[in-house]
Amino acid sequence: MISGITAAACVLGMALTPRAAAMISDEDFNALKSAVTNQDQRIGQLEKLHEQDQQTHQQDQQTIQQLQQRLGETQTLATNAAEKADAAALAQATPPRSALHNVSMVGDAEVQFGQAKGQNSGLVLADFAPIFLYRANDNILFEAGFDVMLQNGSASGTNAVTLAPYTHDAGSSTTVSLSFAQLDYLLNDYVTVVAGYMLLPLGTYSERGAGWLNKIPDDPLPVDFLPGAGAGVQLRGAMPVGVSGQMLTYSVYGVNGPSSVDGSANATTLDGNGNSIPNLDLGGNVGLLNSGNNANLNNKPSGGGRIGWFYPWQAHYDVELGVSGQSGTWAGNYLWSALVVDAAVHISPYVEVKGEYINTWQQTADVGNIQPSGWWVQGSYKLAGLNLDAPVVNDLEMVGRYDTANDAQGSTTDRYTAGLVYYLTNTLLLEGDYEWLINHGLNANGLPSSQFIVQLSYGF
Amino acid sequence: MRSTLINKRLAVLAGALALAGLCLSVVLAHAEPEKKAEQKPAPKKLTGAELYAINCNRCHPERYATEFTAAQWQTIMTHMRVRANLPPAQAREILKFLKEDAGS
């Protein structure tokens, strides 16, 4: 059976093959082959084109993504700009309001190293003087200044070996004193009302002699004859003259006034160690008695004031003159008065000369009228004026002062001071000076004949 | 001995005075002469910076505006207006000048 089928298939195949061979000729085959070849080539080209299209498509996709990203950023910028514009419009419509109240602290601190002739050298925290400023509004300011100092304490007793009594420096104490505490009320453009424990405008040193403002570490001798502050009330103000900066200033005040140490009107009294000291008390009589009552220790309060004239012919070229005084009782009906003439000149940013003449009158019960008086003059020159273009030199300032004081009780002291100031910054000063003192008369007042002081002073 | 000490100190004082005189002469030599204008120009209103240089620098070294905030400057200028007895218009101009570059 299988053989038969196979034979039939062979016969069939032999019969069909001649028919297929008879249908496709060589020419047709070649044509077909050529066509297929052409198709292959065409397909290849199309595939390449497709591949290129794919690449182009990918690039287009990347470009689209970048554009979309930029569009997003632009939209964000536009949104921010719109928000800012809204905020600005809102701010313009309702301007920001500054707080009315403000508390600030300024002041200065000094550290000294010095040696007086005949004594050991020593380091000292000379002063820490903060000033608290409390502004209630545009017209009201409360300000208070303190002096914090560290000082040796004192011990007294009997020497265990010699059995001799002694009084000697021992321990230390911190002294906090109130320099001033005053309420300032700016009544109008010409009058400011000041009340409290005020710095007094006798001369200008008390108001402008803060530690870091003074180019010499210690105060001029004759300012000790004046009260630096007093409890009272004051009116002060300034009137401009023209538009060039010229002005007239005034201050008028009433205070409790000076008082007596022992209550008498004698010129001197004795302290606890039996030493003679002036009986005039310039730093007390603040109104609150030891008994707790409010009272003036004198029969009448004192009054005083200052008139000043300031004329600048250009920036850093100016002159200021002032006359000030105070008068009142200090013990009973005995009068105490003071007159101060002050002057200051600036010639260029480099040269300053200033000084004061101080004269006081004191009626006493035992020695009649006495006139403690003195004067001082100080000059300084900033070496930057030499135009040397040297960094250290440009920050140096030479300063010299002469001051003299006659206590009207037999003693006069003359002092010559030569110093140098180095400005480490605009408010950090390294000052050094050497002082020669000459004491005349009966009372040597305890000052050494010479001393040097180096001070680091910082204003904040 | 005492006269020698006095002579020494007088010599030092004389030297100091001579040095001061030398410095003053140097300053005056550098000082700009007053403009001899045939026609005086009308005085112009001083700016805050000029008022600051005129009033503030005569007592203390310059304080930079960036040392304090605007609110602190307002408080400090109130204090300085009282202490230095400044006319209020000048104080306001100086405050405006300081506030422009105040710290934050």
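Which residues have the most contacts inside the largest nonpolar core? They are A:Met198, B:Ile76, B:Met77 and B:Ile94, in a core of 42 residues. A nonpolar core here is a set of buried Ala, Val, Leu, Ile, Met, Phe, Trp, Tyr and Cys residues joined through C-beta atoms within 7 Å. Buried means that 20 or more other C-beta atoms lie within 10 Å of a residue's own, exposed means 12 or fewer, and partly exposed is in between, with C-beta atoms placed from the backbone.

This is a predicted model, in which local features need pLDDT of at least 70, side-chain atom pairs count only at pLDDT 80 or more, and totals for chains, interfaces and linings use all residues. Residues are numbered from 1 along each chain as its sequence is written, while chains are lettered from A and ligands numbered from 1 in the order in which they are written.

- The predictor gives the complex an ipTM of 0.74 and a pTM of 0.74.
- Chain B has a mean pLDDT of 75, and 59% of its residues reach 70 or more; pLDDT is the predictor's confidence in each residue, from 0 to 100.
- Over residues 1-8 of chain B, pLDDT stays under 50, and the model has zero contacts there beyond four places in sequence. Two residues are in contact if their C-beta atoms, placed from the backbone, lie within 7 Å.
- Residues 21-29 of chain B also have pLDDT under 50, but for this stretch the model has eight contacts beyond four places in sequence.

**Chain B at a glance**
- Chain B has four helices and zero strands, in the order α-α-α-α along the sequence. Helices (H or I, at least four residues) and strands (E, at least two) are DSSP runs, numbered from the N terminus.
- Of the 104 residues in chain B, 29% are buried.
- Among the contacts in chain B with a separation of 6 or more, 78% come from residues 24 or more positions apart.

**Helix α3 of chain B**
- α3(B) has 14 residues and reaches 20 Å from its first C-alpha to its last, close to the 20 Å expected at 1.5 Å a residue. The expected span is 1.5 Å times one less than the number of residues.
- Ten of those 14 residues are buried, so α3(B) is largely enclosed by the rest of the structure. Among them are B:Trp73, B:Ile76, B:Met77 and B:Arg81.
- The cover over these buried residues includes β1 (102-116), β2, β3 (140-158), β4 (165-186) and β5 of chain A, together with α4 of chain B.
- Just after α3(B), B:Asn85 takes a positive phi of about 55°.

**Helix α4 of chain B**
- The 13 residues of α4(B) (residues 88-100) should span 18 Å at 1.5 Å a residue, and the end C-alpha atoms are 18 Å apart, which agrees.
- Its buried residues are B:Gln90, B:Ala91, B:Glu93, B:Ile94, B:Leu95 and B:Leu98.
- Covering them are, among others, β6 (229-241) of chain A and α2 (48-56) and α3 (70-83) of chain B.
- B:Met77 touches B:Ala91, B:Ile94 and B:Leu95, not counting residues up to four places away in sequence.

**Where the chains meet**
- The contact takes 40 residues from chain B and 47 residues from chain A.
- On the chain B side, α1 (2-30), α2, α3 and α4 each supply at least two residues.
- That side has 23 nonpolar, ten polar and seven charged residues. Ala, Val, Leu, Ile, Met, Phe, Trp, Tyr, Cys and Pro count as nonpolar, Asp, Glu, Lys and Arg as charged, and the others, Gly among them, as polar.

**Strands in chain A**
- β14(A) (residues 334-347) and β15(A) (residues 351-363) run antiparallel, joined by twelve bridges; strands pair if DSSP finds at least two bridges between them.
- Their hairpin has three residues between the strands, and A:Ser348 takes a positive phi near 75°.
- Nine bridges join β15(A) to the antiparallel β17(A) (residues 373-382), where A:Val377 stands opposite A:Gly355.
- A:Gly419 lies in β19(A) (residues 411-423) and is buried, with 23 other C-beta atoms within 10 Å.
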